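My entries follow in the order I made them.

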Amino acid sequence: MKEKNSIIVLPSYQPDEKLIKVVNELFINRFKVLVINDGSDPSYDKIFDQIKDKAIVVGYQGNKGKGFALKYGYKYIYEHLQEYPYLITADGDGQHATEDIIKMDEIVTSLKRPVIGVRDFKTKVPIKSRIGNNLSCLTQTLITSRYLRDNQCGLRAFTREDIPWMMKVKGNRYEYEMNIISYLQLKEMKYAPMHIQTIYENNNEGSHFRPFRDTVRIQKIILKFGLPKLISFIVGIVLSYIYFQFAFSNINLNYEISTLLAALTSFLFYLLIYFIIYRPLIPYRPLLRNVVIKMLSFIGVFLFVELFSRLLNLPIALSYFLASFVMIFPSHYLLKAMAMVYESQI
């Protein structure tokens, strides 16, 4: 049987017997496997020793995080394993089914672009995993204006040509995988979502994910990508006050004109910053997507500002802030609907 096109990258920290099982299954299915020992305690050497005849094992001293381990593996492949045109990242704790890895190898070989594993979460999912995924999905959708149901799945495939830019993406721990998705989306790079099985053995007790600390780290990193939107949001609030108090203070439609002009100005400001910072590979896509979202957002913000300012007598700037906040959730579900139409899963 011919060896597969992809090399499997397994970052591993303090592994148990499941790593041996995973490597054995991949070896049987003719995959070359690269295991990165992410600074595990020497007492775990016995686990790594048992797989050295079926996998390449590399590592370093001191735990540095999953993101660091992945980039360490990418560099090793780029420098020493040039014969593999594709690579697949997976977890060594049995969360990814071998048949899904085989399918992903076939898809990346066919499409020759990144393939992102997406779990359906229809089975029983540990509460810490469900909360973390929902929060990161909401935040990333609003920041990138792209919806991906599962942005924390570790099963992903890339081409060898992707390694240089993946090495430059920041993050050394769990946030790194989130940054990869943000980079793909904000740069408008093509990728293929692929449905995979959802597997959590023993309620995911073997995971080294720290629910509070790592969730905060992930949210913080995603928000850094969203600085253009955050700045434009603040600009909108400030301009709504300036327009209302000074520019159109003597006009009957003061609320309406101030709201629409503040929203329009902040949107144009956002587009300017976005294109300067991220330089998307296909510029018309984010432009069209953001125009559609913003047009519908205009309507919602306008109506809510009317409600808050005229009926509740709230200040215009506060009304604009509340209206924009309320529109977060309709925008999220609209982007979700657009993704279901234009980015169907494999």
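What should the 14 residues of helix H4 (residues 98–111) span at 1.5 Å a residue, and how far apart are its end C-alpha atoms? The model I am reading is predicted. For H4 the span should be 20 Å, and the end C-alpha atoms are 20 Å apart, so the two agree.

I listed the buried residues of H4 next: Thr98, Asp100, Ile101, Met104, Asp105, Ile107 and Val108. Residues three or four places apart on an α-helix point the same way, because there are 3.6 residues a turn. I then checked what covers the buried residues of H4. Among the covering elements are strands S1 (6–12), S4 (86–89), S5 (115–119), S6 (156–159) and S7 (192–196), together with helix H1 (17–28). Just after H4, I noted a positive phi of about 60° at Lys112.

**Entry: H11 on its own**

I took helix H11 (residues 284–311) next. H11 has 28 residues, and from its first C-alpha to its last it reaches 39 Å, close to the expected 40 Å at 1.5 Å a residue. Asn313 follows H11 and has a positive phi, near 60°.

**Entry: H10 against H11**

Two packed helices are described by the angle between their axes and the distance between the axes. For helix H10 (residues 254–278) and H11, I read a crossing of roughly 150°, with the axes coming within 10 Å. That angle makes H10 roughly antiparallel to H11, because it is over the 145 degrees cut-off. The crossing of H10 past H11 is right-handed. On the H10 side the contact is made by residues including Tyr255, Leu260, Phe267, Tyr270 and Phe275. On the H11 side it includes Pro286, Asn290, Lys294, Phe298 and Arg310. By class, I have 16 nonpolar, 4 polar and 4 charged residues in the contact of H10 with H11.

**Entry: H11 against H12**

How do H11 and helix H12 (residues 316–326) pack, in angle and axis distance? Their angle is about 135°, with the axes 8 Å apart. That makes H11 oblique to H12. H11 passes H12 in a right-handed crossing. H11 contributes Val301, Phe304, Val305, Phe308 and Ser309 to the contact. From H12 I noted Ile316, Ser319, Tyr320, Leu322, Ala323, Ser324 and Val326. The contact of H11 with H12 has 9 nonpolar and 3 polar residues, and no charged ones.

How values were computed:
Residues are numbered from 1 along each chain as its sequence is written. This is a predicted model: local features need pLDDT of at least 70, side-chain atom pairs count only at pLDDT 80 or more; totals for chains, interfaces and linings use all residues. Side-chain values use heavy atoms; hydrogens and water are left out. Helices (H or I, at least four residues) and strands (E, at least two) are DSSP runs, numbered from the N terminus. The expected span of a helix is 1.5 Å times one less than its number of residues. Buried means under 20% relative accessible area, exposed over 50%, partly exposed in between (1.4 Å probe, protein chains only). Contact means heavy atoms within 4.5 Å. Axes are lines fitted to C-alpha atoms, for helices over the stretch in contact, and angles run from 0 to 180 degrees between N-to-C directions. Angles under 35 degrees count as roughly parallel, over 145 as roughly antiparallel, 65 to 115 as roughly perpendicular and the rest as oblique. A crossing is left-handed if the near helix is turned anticlockwise from the far one by less than a right angle, and right-handed if clockwise. Ala, Val, Leu, Ile, Met, Phe, Trp, Tyr, Cys and Pro count as nonpolar, Asp, Glu, Lys and Arg as charged, and the others, Gly among them, as polar.
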